[in-house]
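Keep the 3D view open while you read.

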Amino acid sequence: MTDHSDAAVRHEAFFSLHHHLPRQSPGSDATTRRLLALAGPQPARPRVLDLGCGPGRAALLLAAEAGAEVTAVDLHEPFLDELREAAESRGLGDRIRTVRADMADLTGPDFPDGSFDLIWAEGSAYIIGFDTALRDWQRLLAPGGSLVITECVWTTDAPTDEARAFWERHGSLRPVAANTAAAVAAGCHVLGVLVQPDSDWDEYYVPLAEHVAAADPSAPGMEWALASTREELAMRREHGAEYGYAGYVLRPADPRWPARPETEADRAAVHAVNAAAFPTPDEARLVDALRDDPEAWLPGLSYVAEAPDGSVAAYALLTRCRVGGAPALALAPVATAPAHQRQGAGRAVVRAALDAARLRGEPLVLVLGHPEYYPAFGFVPASRFGIRPGFEVPDEAMMALVLDDSLPVPTGMIQYPAAFGV
């Protein structure tokens with residue numbers, strides 16, 4: 001049996017292999033920037049909590065490029081020493097504050113409720129578990145704040161016994177979609193999911209392999225540390241196609257506007273909201289016509305947001321359309337009752353509908369709408385993907401949102417349901 005002193009020696013040997021690596025998990029500056037972009041606009045000096053920061057590669061980038069005030073948390077003091085030294089050398093010492101703390105116990109004056117605009121956890125949430133992180137960290141976010149977590153995931157539906165056995169010893173993995181569903185179940189909207197490129201593994205493993213080659217195997221505990229690390233490197237070489245890393249960009253749902261799929265009892269209220277929100281009853285009639293089209297109507301993608309009194313405050317509908325013959329979704333109409341406009345109800349119901357589309361495995365959503373409103377949800381001009389409508393419309397108003405970037409984006413003409421009349 002290994003006693004506590006042996007475990008401590010092995011622990012120190014393992015960490016010694018990881019000292020002075022650029023990062024402690026698969027990732028890259030490019031991926032950090034993409035995840036930050038998915039999180040949307042930030043305050044001028046966002047307050048960022050970097051949990052399990054390691055030597056602080058992400059913390060340094062966020063401080064330098066996003067102007068963030070970063071609280072960087074790790075239990076391993078040598079990593080914090082590396083980060084403080086790097087921050088000072090880059091003139092960022094006033095932007096990065098290090099705290100030695102356990103991410104499973106974020107209590108005390110350093111971690112008051114609602115005190116951060118962005119929580120960042122690249123490759124570290126697995127220590128306490130993805131679901132636990134979602135449950136425990138949301139309280140730390142200010143209203144409108146976002147949470148970014150990268151997590152190791154299965155990228156195949158049928159991992160080999162060897163890969164499964166390895167990961168069962170090191171922490172259970174789930175597919176990308178299962179973590180997405182867990183985030184929604186935990187009360188978060190999904191702003192984006194990014195499956196990280198294989199090159200992100202090289203950024204971590206190439207320097208680590210160099211440390212393994214240069215290590216002294218006679219050092220206390222090093223024989224075990226080297227064997228463990230070599231096994232990990234070999235697993236990636238032999239089974240790397242079966243698993244990868246994915247980044248999740250999340251935002252707690254606005255509790256003022258709970259959203260849900262419509263029910264039969266909501267139909268009259270949905271009609272009334274659409275009739276009141278637009279100058280003519282055409283949009284209300286469109287919803288009714290789409291309901292009668294079995295090729296267009298998708299049960300569970302007609303969403304309402306409730307006002308505090310339980311009435312329908314806002315509405316969003318996703319129906320089946322096609323791009324060049326490939327399935328996609330059309331977002332229309334989106335309506336908010338006049339009494340609740342410009343208060344967040346519309347945003348809440350759109351995000352809830354998009355979450356439902358992600359959970360169905362839908363790859364693409366299209367919207368013809370205001371170019372200053374829909375980009376907040378991640379929509380960009382559809383023309384960037386070679387997608388075009390069959391009628392004249394300003395380029396910036398015809399927008400697309402890719403929900404699954406692991407699939408090729410279809411190109412060509414948009415075919416709307418007949419009820420749209422285009």
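Start with R342, which sits in the loop between β12 and α12. Keep in mind that this is a predicted model. The phi of R342 is near 65 degrees, a positive value in a residue other than glycine. Is R342 buried or exposed? Its relative accessibility is 84%, and since exposed means over 50%, R342 counts as exposed.

With a relative accessible area of 63%, H20 is exposed.

The peptide bond from A332 to P333 is cis, and its omega is near -5 degrees.

Now for the helices. Two packed helices are described by the angle between their axes and the distance between the axes. Here are two pairs to look up:

| Helix pair | Axes come within | Crossing angle | Handedness |
|---|---|---|---|
| α2 (residues 29-38) and α3 (residues 57-65) | 10 Å | roughly 55 degrees | right-handed |
| α7 (residues 176-185) and α12 (residues 345-360) | 9 Å | roughly 150 degrees | left-handed |

Because of that angle, α2 and α3 are oblique to each other.

Helix α8 (residues 199-214) deserves a look of its own. Its 16 residues reach 23 Å from the first C-alpha to the last, close to the 22 Å expected at 1.5 Å a residue. Where does α8 kink? A kink of about 25 degrees lies at Y205, shortly before the proline P207. Both Y205 and P207 are among the buried residues of α8, a group including W201 and L208.

Finish with strand β8 (residues 243-252). Nine of its ten residues are buried, so β8 is largely enclosed by the rest of the structure. What runs alongside? Strand β5 (residues 141-154) is joined to β8 by eight bridges, and the two run antiparallel; here W154 stands opposite Y243. Strand β7 (residues 188-195) is also antiparallel to β8, with seven bridges between them, and V193 has Y248 as its bridge partner.

Technical notes
Residues are numbered from 1 along each chain as its sequence is written. This is a predicted model: local features need pLDDT of at least 70, side-chain atom pairs count only at pLDDT 80 or more; totals for chains, interfaces and linings use all residues. Side-chain values use heavy atoms; hydrogens and water are left out. Buried means under 20% relative accessible area, exposed over 50%, partly exposed in between (1.4 Å probe, protein chains only). Helices (H or I, at least four residues) and strands (E, at least two) are DSSP runs, numbered from the N terminus. Two strands pair if DSSP finds at least two bridges between them. The expected span of a helix is 1.5 Å times one less than its number of residues. The bend at a residue is the angle between axes fitted to the seven residues ending there and the seven starting there. Axes are lines fitted to C-alpha atoms, for helices over the stretch in contact, and angles run from 0 to 180 degrees between N-to-C directions. Angles under 35 degrees count as roughly parallel, over 145 as roughly antiparallel, 65 to 115 as roughly perpendicular and the rest as oblique. A crossing is left-handed if the near helix is turned anticlockwise from the far one by less than a right angle, and right-handed if clockwise.
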